[in-house]
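I opened this structure to look up a few points and keep a record of them. The entries follow in the order I took them.

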Amino acid sequence: MANPASQQINQLEEQLQRRKNLQDITNRIHSAQNIKQILVDLKDGILNLFDAYSITIYIVDRMRNEIFSMFLSGSTINEIRVPISNRSIAGYVANTGKIANIADAYDDKELKAIDKELTFDASWDKKSGFRTKQILTSPVYHNGKLMGVIQILNKKGGIGKFSEDEKGFLHEMSEVLGVAFFNQERFARRRKTRFDYLISRDLLKEEELDAAWEESREQKESMESYLMKKYRISKDDMGKSFAEFYRCKFVQFNDKIPIPGDLIKNLKRDYLRRELWVPISRMEDGNINILVDDPNNILKRDMIENLMKTKAIRYDVALTEDIVKFINYFFQSPEDETSISDILGKMDADADSTDEDEEGGDVVTESDSAIMQLVNKIINDAYVRRTSDIHIEPNVGKKNVEVRFRVDGDCALYQTVPYSYRLALISRIKIMSNLDITIKRLPQDGKIKFRRPGGDEIELRVATIPTQGGVEDVVMRILAKGETLPLEAMALLPRNYKGLLDICEKPYGMILVVGPTGSGKTTTLHAALHHINTPDRKIWTAEDPVEITQYGLRQVQVQPKIGFDFAAAMRAFLRADPDVIMVGEMRDFETAKTGVEASLTGHLVFSTLHTNSAPETITRLLDMGIDPLNFADALLGILAQRLVRTLCKNCKEPYHPTGQEFDEMVESYGEEDFKKLNITYTDNFTLYRPKGCDICDKSGFKGRMGIHELLVASDNIKRMIQKHEPVEILREKSMSEGMTTLLQDGIQKAIQGVTDFKQIRRVCIK
């Protein structure tokens with residue numbers, strides 16, 4: 001056993017070594033060139049000093065009332081931010097200025113004894129697998145001013161709290177950090193350039209910045225463009241630097257931002273491009289949001305406020321190239337050489353004084369050529385963006401007309417049009433649709449045949465609906481005439497694909513495709529017809545409208561206004577020697593009854609219905625009054641479907657879901673059914689989520705796909721139909737025979753990485 005004297009000598013040597021290490025770290029902190037070197041590069045040295053597992057050094061962000069730190073994730077530097085409040089340990093120390101020495105972060109009683117609001121956020125532990133125990137946290141001050149927080153985690157081989165000696169070391173360390181942070185802050189104040197953030201984060205050296213001023217001038221390039229190209233500074237980091245310097249929001253180009261027609265109508269594109277500013281929206285508080293390359297330029301701000309005739313403006317900053325992109329996008333579309341500014345400029349400049357409430361005020365006047373151009377531009381832009389529906393939404397009073405596009409199932413604002421043109425805009429669309437412009441209090445529907453500049457002809461289905469305040473909404477659906485997709489492209493799971501092929505090849509019977517409007521029913525029906533479209537089969541179709549044309553099919557457009565509806569078309573088909581009949585929709589008892597009778601007399605009948613699921617379709621038709629015995633004999637199968645947005649293949653991001661997210665997915669699928677998939681929650685279990693890139697317009701999604709539920713009419717199902725069994729019994733029996741529900745089908749596709757679970761939950765009830 002060592003004697004007391006040698007033990008004392010060993011302790012003194014340890015203390016001297018620690019003191020020497022502390023002095024070494026102190027020197028390195030004082031010689032650090034920027035904040036990043038202190039927060040990231042010096043952590044290991046400080047960690048060895050305390051013989052601990054982890055350390056976090058925070059610096060104060062006074063603007064946001066937060067403390068933040070940096071950490072390396074692979075080769076990139078990320079930030080973690082904590083509000084200055086008593087809800088977190090680091091936030092509490094920053095808020096109160098007290099040292100916190102905690103034995104167990106998961107001991108709620110210990111935390112509440114310090115402060116009743118105090119909690120420990122275990123999410124980082126779950127992500128990293130690291131289990132936090134002891135925490136020693138000290139505020140970092142300089143001359144009584146908070147500069148940051150230093151936090152040490154988990155003693156090596158120790159239990160209980162950190163020692164008093166270790167608290168003393170941390171106090172000394174915090175004093176050293178306080179001086180270093182103060183010097184860095186003073187240095188930043190001294191420089192005052194819009195690139196200071198890049199230097200403080202060690203993304204750029206001072207000498208590189210100094211050299212870049214001259215080099216960018218020689219290259220005749222903007223400073224930010226030169227730095228991004230030469231030193232590979234990311235756009236996001238450049239944005240953070242601008243936002244910090246100008247103390248405003250940094251905005252990147254995004255063509256999802258609606259075109260502010262009312263704000264740009266009196267502005268010229270060349271002028272805005274020369275001066276580098278552009279209005280992008282009118283905010284909820286009434287302020288106009290303007291993007292400018294230098295929000296600190298007082299002369300430019302005065303000029304903008306004079307032109308816009310208001311001082312109620314919020315200035316945000318953007319890169320020069322993005323401001324130019326916004327100007328080009330707002331003033332010109334790829335398909336139409338006429339800019340919105342030119343169109344609006346042709347209209348009556350004094351339209352604000354027009355009395356729109358008087359009768360007959362909606363008659364198209366001399367401005368109708370400009371209105372024509374505006375409507376043409378809206379339709380052309382909608383087609384270019386793969387829009388399914390165009391919504392024209394006038395508002396009462398002096399609020400602008402909003403134009404929204406539905407793309408991939410989601411509505412987004414496309415542009416605003418000054419309120420004074422709303423009546424002429426609606427009237428122009430009515431004239432194009434052959435509707436009565438004098439009728440404003442009743443809904444009307446019509447069609448537009450529209451020829452695009454390239455010579456393509458598209459058809460639009462138009463509906464006008466009177467809304468509150470004496471105005472009318474218009475919704476135009478673009479009827480895309482597309483090529484017939486094969487069944488292999490329908491994204492059917494193997495069981496559904498094989499089952500659908502089997503029933504399509506039967507000589508007679510009824511096949512139904514069900515789902516809400518716009519769920520791809522017609523596309524699926526045409527894919528099925530394409531599979532059986534051979535010269536030895538006579539196929540008649542009755543559609544409203546004929547959206548997809550297919551060689552070999554005899555396609556008929558129904559005309560309900562003259563009495564030629566689906567039921568009349570079906571009766572006519574039965575006299576025209578059919579093998580296969582496709583009816584666009586079973587809207588009433590007569591059509592359904594005729595369809596059942598046709599399938600019982602040796603014909604294969606396809607049709608659609610608006611129901612939520614395959615089993616519900618059976619009860620819906622029986623409730624219509626269809627004879628259960630005949631229907632049971634006729635039915636071959638029912639395919640229910642929905643459309644979900646698919647993740648962009650270019651930017652979708654893999655991630656490891658939490659246990660809670662996995663359990664939620666299992667519960668939604670059904671625990672017993674999920675076990676059959678042989679999928680377990682492991683560290684390697686990966687799902688995908690949207691990220692956003694230029695290809696998908698920063699949305700993370702591109703295109704849509706179907707999710708399906710195929711009920712095959714087996715003998716058991718037919719017996720249940722004859723007994724008029726309820727939906728729940730039919731669903732249970734179908735699932736026991738192999739049917740996957742819409743939700744289950746969607747979850748399988750989310751696991752495959754084609755879409756994400758949130759999208760499935762949006763379109764599936766249960």
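Which residue in β16 is the bridge partner of Asp389? I looked it up, and the partner is Arg477. I note here that the model is a predicted one.

**Entry: the sheet**

I then checked how the two strands run. Strand β11, residues 387-393, and strand β16, residues 471-479, are antiparallel and are joined by four bridges. As a reminder to myself, strands of a sheet pair through backbone hydrogen bonds, either parallel or antiparallel.

I traced the whole sheet next. It is open, has seven strands with mixed pairing, and its order reads β7-β13-β12-β11-β16-β15-β14. At the edges I found β7 (259-260) and β14 (444-451), each of which pairs on one side only. Helix α18, residues 422-432, packs on this sheet. I listed β11, β12 (401-407), β14, β15 (457-467) and β16 as the strands touched by α18. The direction of α18 makes about 45° with that of β16.

**Entry: the cores**

Which residues have the most contacts inside the largest nonpolar core? I found Phe330, Ile390, Ile392 and Met476, in a core of 54 residues. I followed up Ile392, leaving out residues up to four places away in sequence. Ile392 touches Ile378, Val401, Glu402, Val403, Leu425, Ile426, Ile429, Asp473, Val474 and Met476. There is also a second, separate core of 43 residues, and I noted Leu609, Phe662, Met705 and Leu743 as included in it.

**Entry: aromatic rings**

I counted 18 aromatic pairs. Phe245 and Tyr246 make an edge-to-face pair, 4.9 Å centre to centre with 75° between the planes. Is Phe245 buried or partly exposed? Its relative accessible area is 28%, so I put Phe245 down as partly exposed. Tyr246 is at 9% relative accessibility and therefore counts as buried.

Tyr329 counts as buried because its relative accessibility is 15%, and Phe330 counts as buried at 0%.

I also noted one aromatic cluster, formed by Phe195, Trp213, Phe242, Phe245, Tyr246 and Phe250. Elsewhere, I found the charged end of Lys652 over the ring of Tyr688, 4.8 Å from the ring centre.

**Entry: helix α10**

Which residues of helix α10 (residues 223-230) are buried? I recorded Met223, Glu224, Tyr226, Leu227 and Met228. I then asked what covers the buried residues of α10, and the cover includes α9 (206-218), α11 (235-246) and α15 (320-331). After α10 comes Arg232, and I noted its positive phi, near 55°.

**Entry: Pro657**

Where is Pro657 found? I located Pro657 in the loop between β23 (653-655) and α25 (659-669). Its relative accessibility is 1%, so Pro657 counts as buried. I looked for its contacts, leaving aside neighbours within four places in sequence, and listed Tyr681, Phe685 and Leu687. Phe685 is 28 residues from Pro657 in sequence, while their C-alpha atoms are 7.6 Å apart in space.

Methods: Residues are numbered from 1 along each chain as its sequence is written. This is a predicted model: local features need pLDDT of at least 70, side-chain atom pairs count only at pLDDT 80 or more; totals for chains, interfaces and linings use all residues. Side-chain values use heavy atoms; hydrogens and water are left out. A nonpolar core is a set of buried Ala, Val, Leu, Ile, Met, Phe, Trp, Tyr and Cys residues joined through side-chain atoms within 4.5 Å. Buried means under 20% relative accessible area, exposed over 50%, partly exposed in between (1.4 Å probe, protein chains only). Contact means heavy atoms within 4.5 Å. Two strands pair if DSSP finds at least two bridges between them. Axes are lines fitted to C-alpha atoms, for helices over the stretch in contact, and angles run from 0 to 180 degrees between N-to-C directions. Rings of Phe, Tyr and Trp (its six-membered ring) pair if their centres lie within 6.5 Å; planes under 30 degrees apart count as stacked, over 60 as edge-to-face and the rest as tilted. A charge sits over a ring if NZ of Lys or CZ of Arg is within 6 Å of the ring centre and within 35 degrees of the ring normal.
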